[in-house]
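I set down below what I looked up in this structure, entry by entry.

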Amino acid sequence: MATANRPEDQIDDSSAPLIEHLAELRTRIIWAILAFIVTMVACYTVWKPIYNFLTQPICRELAERGQDCQLQIIKLQEGFFTAINISFFGGFVLAFPIIGYQLWRFVAPGLYRNEKQAFLPFLVASPVMFFLGASFAFYIILPMAYDFFLGFQQGPVVATTDEITQTQQVAGIAFQGSMQEYLGLTMKFLLAFGLSFQLPVLLTLMGKAGLASAEGLASMRKYAVLGILVLAALVTPPDVISQVVLFVVVYGLYEISIQLVRRIERKREAELRAQGLWVEPVEDEPEAETDR
């Protein structure tokens with residue numbers, strides 16, 4: 001028996017031929033590329049202020065040790081490629097909202113109105129969580145990481161032996177880092193933590209789509225703990241403090257994701273109950289013993 005579709009389940013736009021979809025896709029890709037090129041060029045014009053901002057963590061740690069903050073250009077072209085890397089990274093970050101908007105404009109005509117309302121908050125939350133993760137890495141993790149790495153320095157000293165009065169010069173260890181290597185390490189931290197903070201967005205979106213449940217996520221806690229520990233060991237320096245900090249934060253995001261998915265499930269259940277479509281889940285009953 002045919003049933004009438006609800007108004008909110010109607011697709012806004014009618015179906016279009018394949019050639020129109022391809023033309024629309026080409027338009028959206030062109031706008032996204034143009035946005036990336038414009039923001040990349042804009043970042044190239046101010047790459048030095050951006051680089052100066054990114055070097056603040058290492059400069060603060062060197063200043064506490066009484067050292068000058070000066071990074072080296074090991075190769076002749078290293079300064080140019082550093083500026084290009086900053087331009088690409090900054091251009092992508094600045095153009096991401098526009099790229100996401102173009103993606104939204106392409107897929108939105110094929111979504112129901114209720115699907116649009118469900119997907120739009122995640123489109124907004126994703127760059128916000130990435131910014132929070134990158135900020136957490138920049139202001140908390142990077143200072144601890146660079147403090148750990150710079151702790152292996154030593155000044156040139158004179159060592160004396162007890163048996164025979166002799167003096168021996170001990171070689172000093174001083175940080176003389178490459179500017180491109182430092183930038184690559186810093187961007188790695190920012191990207192790793194920015195992506196790690198996408199965990200609530202990803203799991204909540206999966207819960208909204210019915211691909212994950214709060215009960216299933218809760219039952220996977222022990223595997224989540226193991227995975228987060230591995231992640232903390234890979235993206236942080238080998239010191240316990242930074243690893244524990246990352247573990248606590250990411251595991252807290254996992255628990256928040258469980259609560260968000262549970263809230264979505266309760267809201268979905270309430271809506272189905274109001275429509276009279278809710279079916280109580282059937283619990284598994286123990287099989288009856290059969291006579292042999």
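Entry 1, surface. I found that Leu 18, Ile 19, Leu 22, Leu 25, Ile 29, Ile 33, Ile 37 and Val 41 make up a nonpolar surface patch with about 730 Å² of accessible area together. Patches take residues with over 30% relative accessible area and no salt bridge, joining like charges within 9 Å and nonpolar side chains (Val, Leu, Ile, Met, Phe, Trp, Tyr) within 5 Å. Areas are Shrake-Rupley values with a 1.4 Å probe, and for residues only the protein chains shown count as cover. Ile 19 belongs to helix H1 (residues 18-45); helices are DSSP runs (H or I, at least four residues), numbered from the N terminus. At a relative accessible area of 62%, Ile 19 is exposed (exposed is over 50%, buried under 20%, partly exposed in between; 1.4 Å probe, protein chains only).

I note that the model is predicted, with pLDDT of at least 70 needed for local features and 80 or more for side-chain atom pairs, while totals for chains, interfaces and linings use all residues. Residues are numbered from 1 along each chain as its sequence is written, and side-chain values use heavy atoms, without hydrogens and water.

Arg 28 pairs with Glu 24, with the closest N and O atoms 2.7 Å apart. The two are 4 residues apart in helix H1, so about one helical turn separates them. Arg 28 is buried at 12%, whereas Glu 24 is partly exposed at 28%.

Note on methods: A salt bridge is a side-chain nitrogen of Lys or Arg within 4 Å of a carboxyl oxygen of Asp or Glu.
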